Amino acid sequence: MTKREKIIAAVFLICVLALFVGAYALRQRGQQDTGSGSSATQSGSGAQASSQEPITETAFKLNTVVTISIYDSQDTSLLDGCMELCDQYEQMFSRTLETSELYRLNHGELADADGVSHLSPELAELIGRGLEYGQLSGGRFDIAIGPVSSLWDFTSDNPSVPEDSLIQAALPLVDYHDVVLDGQDLTFQKEGMQLDLGAIAKGYIADRLKDYLLENGVKSAVINLGGNVLCVGSRPDGTPFRVGLQRPFADRNETIATIEVSDLSVVSSGIYERYFEQDGQLYHHILDPATGYPCENNLVAVTILSEESTDGDGLSTTCFALGLENGMELIESLENVEAMFITEDNELHYSSGFPQG
């Protein structure tokens with residue numbers, strides 16, 4: 001099995017969310033989809049079936065499995081448009097793709113003689129949102145973690161813990177306060193700083209895909225970016241979509257809870273998404289900006305229900321890093337946002353307005 005195939009298999013196994021869309025089968029561009037991807041997007045939930053089957057497309061993009069399903073249109077060019085947008089945004093936001101705008105920013109290729117980099121409107125907007133979450137979390141969410149996160153490779157065939165000396169050397173560069181954004185102009189206050197937008201980019205992209213679909217008359221669709229689920233409207237018959245939340249470390253079809261969703265985003269962050277074990281200890285991908293190592297608390301996962309997927313992405317990581325008590329306090333202070341926390345004992349902890357089915 002190639003590394004790419006292993007990544008695809010791993011993504012399917014660790015999908016945080018399984019979307020339940022009724023007893024009817026999804027079709028791949030109008031044809032019956034019998035591949036492994038369909039089991040992540042359908043279930044015999046007993047919900048009322050639509051008179052018209054949706055069109056759907058699945059592809060490996062953004063280093064994850066992307067599935068777009070449209071329920072009120074048979075225009076397959078809209079699926080193509082969504083996939084093309086994913087490619088465009090990957091060329092802006094990828095930390096590892098050497099031709100991307102973010103990679104060039106991180107490696108000083110965009111800076112002028114004064115160290116100022118002029119960014120595209122999209123990258124500047126996303127960085128701005130990331131800096132907002134840095135402030136909201138008191139630095140527990142920090143997009144300047146690039147020098148540390150680049151030391152960890154959770155998709156490697158043989159992942160291992162980086163040398164502590166390398167982590168300690170990189171930590172002084174991790175501070176969002178040293179990222180100065182003025183409109184579309186960005187300056188790093190310290191040489192060697194790098195940004196990592198992986199904790200917020202998929203949410204932003206999902207929101208832009210929703211905008212694209214709405215602009216083209218779509219009112220019923222589901223955008224699934226590797227488990228970041230954004231529902232556009234509701235089903236054509238007016239009933240909500242059903243989204244299953246995966247049980248941590250279980251098969252992707254085994255859910256721990258199911259919620260009904262209309263025109264909302266459901267995003268989870270958990271230690272079972274990307275991890276490896278070394279010397280009997282589990283190392284997951286949600287890194288603590290203060291230590292350079294995975295966050296240590298009694299949380300296994302956090303799920304955020306929000307209007308914008310960007311918020312869901314940012315808050316799921318933020319609340320995980322804050323821990324149960326402080327994360328719940330933050331959620332209760334925000335409007336139109338709800339959360340579910342899962343602790344190591346498999347207990348579910350809900351915010352006051354989180355739907356419980």
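Visitor: How do α2 and α4 lie relative to each other, roughly parallel or roughly perpendicular?
Guide: This is a predicted model. Helix α2 covers residues 77-93, and its packing angle with α4 is about 65 degrees. Angles of 65 to 115 degrees count as roughly perpendicular. Therefore α2 and α4 are roughly perpendicular.

Visitor: How far apart are the axes of α2 and α4?
Guide: Two packed helices are described by the angle between their axes and the distance between the axes. Here the angle is about 65 degrees. The axes of α2 and α4 are 10 Å apart.

Visitor: Which residues of α4 make the contact with α2?
Guide: The crossing of α2 past α4 is right-handed. From α2 come Tyr89, Met92 and Phe93. From α4 come Glu122, Leu123 and Leu126.

Visitor: Which residue in β8 stands opposite leucine 181?
Guide: Strand β8 holds residues 185-188 and runs antiparallel to β7. Four bridges join β7 and β8. Opposite leucine 181 stands leucine 186.

Visitor: Is alanine 201 buried or exposed?
Guide: Alanine 201 is found in helix α7, residues 201-215. Its relative accessible area is 10%. The cut-off for buried is under 20%. So alanine 201 is buried.

Visitor: What is the separation of the C-alpha atoms of alanine 201 and glycine 314?
Guide: Along the chain, alanine 201 and glycine 314 are 113 residues apart. Leaving aside neighbours within four places in sequence, alanine 201 is in contact with Phe93, Leu126 and Asp313. Between the C-alpha atoms of alanine 201 and glycine 314, the separation is 8.9 Å.

Visitor: With which side chain does the side chain of threonine 67 make a polar contact?
Guide: Threonine 67 sits in strand β5, residues 64-70. At 6% relative accessibility, threonine 67 counts as buried. The polar contact of its side chain has a length of 3.0 Å. The partner is the side chain of threonine 58.

Visitor: How many of the six residues of β9 are buried?
Guide: Take strand β9, residues 220-225. On one side Ser220, Val222 and Asn224 are buried. On the other, Ala221, Ile223 and Leu225 are buried. So β9 is largely enclosed by the rest of the structure, and the count of buried residues is six of the six.

Visitor: Which residue of β9 stands opposite valine 66?
Guide: β5 and β9 pair in the antiparallel sense. Five bridges link β5 and β9. Opposite valine 66 is leucine 225.

Visitor: Which residue takes a positive phi in the hairpin of β9 and β10?
Guide: Strand β10 (residues 228-233) pairs with β9 over six bridges, in the antiparallel sense. Alanine 221 stands opposite valine 232 there. The hairpin has two residues between the strands. The positive phi, near 60 degrees, belongs to glycine 226.

Terms used:
Residues numbered from 1 in each chain as written. Predicted model: local features only at pLDDT ≥ 70, side-chain atom pairs only at ≥ 80, totals over all residues. Heavy atoms only, no water. Pairing = 2+ DSSP bridges. Buried < 20%, exposed > 50% of the residue type's maximum accessible area, 1.4 Å probe, protein only. Polar contact = N/O pair within 3.5 Å; in protein donor to acceptor, adjacent residues only side chain to side chain. Contact = heavy atoms within 4.5 Å. Axes fitted to C-alpha atoms, helices over the stretch in contact; angles between N-to-C directions. Parallel < 35°, antiparallel > 145°, perpendicular 65-115°, else oblique. Left-handed = near helix turned anticlockwise from the far one by under 90°.
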